[in-house]
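Please look over the structure shown here before reading the briefing below.

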Amino acid sequence: MFRVMQCTDLQKLMFATYMLEGDTHEWWTNTSQVYELQGHVITRPFFEDLFLGRYFPCDAQERKQGEFDRLVQGSKTVDEYSAKFNELAKFAYFRIAMPTPTFLSSKFRRGLNEEIADRIVGAASRDFGKLVQ
C-alpha cells in the first residue's frame with residue numbers, strides 16, 4: 001500500500017505508529033516521548049530498529065535465519081517447499097542486507113531434492129518465480 005500511495009518515510013512512520021494498539025501503543029507513546037525529550041529525530045528506520053529490538057530480539061532473529069539457512073525440500077512438495085522458503089526468506093541475513101534475487105534462486109535450488117535439482121540444471125534462471133515454476 002505504501003508503494004501504491006508513494007508514501008514518504010515520514011508518512012510510513014506516522015501510519016505505522018497510528019496502527020499500534022494496546023501494550024504496543026503504550027510502549028511507543030512512552031518510548032517516543034523519551035527519545036524526543038532527548039532531542040532525537042524519530043525516523044522510520046529509527047522506529048523500526050526500536051520496534052524490532054523490543055518485539056523481535058536478536059536471538060529470535062538468529063533462530064529464524066538459522067531455520068532459513070538449514071531449509072531443504074526433504075519430503076515436502078515443491079509448492080510446500082516454496083511456501084516455507086518464501087515465509088523464511090525475509091529472515092535471510094535479517095537487518096544486514098536485502099538478499100538478491102540471484103542469492104535466493106541459488107539457495108532455493110540448493111535446497112531442492114537431488115532428482116528435481118538435476119532436472120533444472122539447464123534452466124539456471126535467476127528469476128525466483130520462474131525457477132519455482
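Predicted model: local features only at pLDDT ≥ 70, side-chain atom pairs only at ≥ 80, totals over all residues.

Residues are numbered from 1 along each chain as its sequence is written, and side-chain values use heavy atoms, with hydrogens and water left out.

**The largest pocket**

- The largest pocket has a volume of about 280 Å³, where a pocket, on a 1 Å grid over the protein atoms alone with a 1.4 Å probe, is an open set of points with protein on both sides within 12 Å along at least five of seven lines, and the volume is the space filled by probe spheres set on the points.
- Its lining, meaning residues with an atom within 4 Å of a point, includes Phe 2, Arg 3, Lys 12, Phe 47 and Phe 51.
- The helices α1 (2-5), α2 (9-18) and α4 (44-55) each supply at least two lining residues, and the largest share, 5 residues, comes from α4; helices here are DSSP runs (H or I, at least four residues) numbered from the N terminus.
- By class, the lining has 6 nonpolar, no polar and 4 charged residues, with Asp, Glu, Lys and Arg counting as charged.

**Aromatic pairs**

- A search of the whole structure finds 12 aromatic pairs, that is, rings of Phe, Tyr and Trp (its six-membered ring) with centres within 6.5 Å.
- The rings of Trp 27 and Tyr 55 have centres 5.5 Å apart and planes at 90 degrees, so this pair is edge-to-face, a label for planes over 60 degrees apart.
- This pair links distant parts of the chain, since Trp 27 is in helix α3 (residues 22-37) and Tyr 55 in helix α4, 28 residues apart.
- Trp 27 is buried at a relative accessible area of 12%, whereas Tyr 55 is partly exposed at 34%; buried means under 20%, exposed over 50%, and partly exposed in between, with a 1.4 Å probe and protein chains only.
- The rings of Tyr 35 and Phe 46 also form an edge-to-face pair, because their centres are 5.0 Å apart and their planes are at 85 degrees.
- Ring pairs link Trp 27, Trp 28, Phe 47, Phe 51 and Tyr 55 into a cluster.

**A charge over a ring**

- Lys 107 lies over the face of Phe 68, at 5.3 Å from the ring centre, where the rule asks for NZ of Lys or CZ of Arg within 6 Å of the ring centre and within 35 degrees of the ring normal.

Terms used: Phe/Tyr/Trp six-rings, centres within 6.5 Å; stacked < 30°, edge-to-face > 60°.
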